[in-house]
Amino acid sequence: MESFFRTHKYLVGHVNTPVRRGLMDEVNWDDRLIGIKGSRGVGKTTFLLDYAREYFGADNRECLFINLNQFFFTERTLVDFADEFRTKGGKVLLIDQVFKYPGWSRELRYCYDHFTDLKIVFTGSSVMRLKEENPDLWGKVMSYNLRGFSFREYLNLESGNNFPAFSFEDIIKNHQEIAKSICAVTKPKAYFQDYLHHGFFPFYLENRNFSENLLKTMNMILEVDVLYIKQIEQTYLPKLRKLLYLLSLSAPCTPNVSQLSKEIQASRATVMNYMKYLKDARLVNLLYPSGEEYPKKPSKLYMYNSNLMYAISPMETDSQSVRETFFYNQVLKDNAVNEGIKNSHFMVNEEYPFRIEGNMKFKNNPDFCYAVDQIEKGEENCIPLWLFGFLY
């Protein structure tokens, strides 16, 4: 136990990445069992350590960070460890890599029921269905999603500013005033292309080759998160990797399931299941008409964020595809995004038909909203594309 205290002190004292203020303020820290989900690489571990540093500090032994991937937990049960921790004055247990521990949901439920003086915050993969696949936690765990950097977070970090987030309705109704206030302080367009290329994942801050690191992360998502959690045999990994590659080359696209099943030598049902797994892993996004969802075939498939597009096929990245992918990714967090109607790309909240444009050289339809790339400030129904990166 003492070694874990020393590890906790060391880690909390060496966190240099920016605090994810939005989710930090969103979480109700009074709850006793909290799950933080997110895809690999978005900073879940750092988020736990930021919480420990902000609320407890490096020398406070009431809060402890542990990683269930450590060999220590091949012999020691989580329940026994949590019980000993609380008897020594522990109040908050931060658990990383929870899915690596067999029976984790059952033991978390035991801790919740029997250790009422202990709060547990744990991280999990976005592939995990915390409540649906773990009935032990139903009605007990409060779950939150940690996403990669929004353009706002990236811009704040790179420019040294502290711009707030805005709701979708705020941007629709007040985009001219919002853009004017931001552009009076900095030039968002000067940072936008870099964000599209590498700004979504916090590890771009590390002194390593970003594209290689991202490709490694994507493979880890497939090999560990998807195969391990969904209990898929390792022999099927090449099919899953090939499917992701084929989809990335044509995205955004209407997936031809029959052709894909021939390409990867798998049944149509398997292809549909794999696409769902890729969506849960936040490698792709599936776009449906209003009122439809999986298991129906999506009307269109997008990569989850534009960074993935540049990493997989940098020489074949289409500017319009990148723009649409960015819009879908940023707007989807707190809004319903469906297939567009009447020649629009997207329908947002079943009310706003959107077209995504590269510049202002188009015939304006007053019934549409436009997210336009090559403008700094908008007018009427034409809104700068970059401003939709300020939604979180």
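**View 1. Helices H10 and H11 cross in the predicted model.** Helix H10 spans residues 237–250 and helix H11 residues 257–264; their axes come within 10 Å and cross at roughly 135°. On the H10 side, the contacts are made by Lys239, Lys242, Leu243, Leu246 and Leu247. Their counterparts in H11 are Leu260, Glu263 and Ile264.

**View 2. Helix H9 crosses helix H10.** The axes of H9 and H10 come within 11 Å, and the angle between them is roughly 130°, which makes H9 oblique to H10. This crossing, too, is right-handed. H9 contributes Met218, Asn219, Leu222, Glu223, Val226 and Leu227 to the contact. From H10, Leu237, Leu240, Arg241 and Leu244 meet these residues.

View 3. Isoleucine 95 has phenylalanine 122, in S4, as its bridge partner.

**View 4. The largest nonpolar core contains 130 residues.** Leu93, Phe122 and Phe354 touch the most other members of this core. Helix H9 (residues 210–229) supplies nine residues, the largest share of the core. Another core lies apart from this one and has six residues, among them Phe362, Phe368, Tyr370 and Val372.

**View 5. The surroundings of phenylalanine 354 are shown in detail.** Leaving aside neighbours within four places in sequence, phenylalanine 354 is in contact with several aromatic residues, including Phe168, Phe327, Phe346, Tyr370 and Phe388. Other contacts of phenylalanine 354 include Ile172, Val348, Cys369, Ala371 and Ile383, as well as Ser344 and His345.

**View 6. Strands S6 and S7 form an antiparallel pair.** The two strands are joined over four bridges, and S7 comprises residues 300–303. Valine 284 has methionine 303, in S7, as its bridge partner. Along S6 (residues 284–287), Val284 and Leu286 point one way, whereas Asn285 and Leu287 point the other way. All four of these residues are buried.

**View 7. Asparagine 307 lies in helix H13.** This helix covers residues 306–312. Asparagine 307 has a relative accessible area of 1% and therefore counts as buried, the limit for that class being under 20%. Not counting residues up to four places away in sequence, asparagine 307 touches Tyr195, Leu196, His197, His198, Gly199, Phe200 and Phe201, together with Phe210 and Leu214.

Notes. Residues are numbered from 1 along each chain as its sequence is written. This is a predicted model: local features need pLDDT of at least 70, side-chain atom pairs count only at pLDDT 80 or more; totals for chains, interfaces and linings use all residues. Side-chain values use heavy atoms; hydrogens and water are left out. Two strands pair if DSSP finds at least two bridges between them. Buried means under 20% relative accessible area, exposed over 50%, partly exposed in between (1.4 Å probe, protein chains only). Contact means heavy atoms within 4.5 Å. A nonpolar core is a set of buried Ala, Val, Leu, Ile, Met, Phe, Trp, Tyr and Cys residues joined through side-chain atoms within 4.5 Å. Axes are lines fitted to C-alpha atoms, for helices over the stretch in contact, and angles run from 0 to 180 degrees between N-to-C directions. Angles under 35 degrees count as roughly parallel, over 145 as roughly antiparallel, 65 to 115 as roughly perpendicular and the rest as oblique. A crossing is left-handed if the near helix is turned anticlockwise from the far one by less than a right angle, and right-handed if clockwise.
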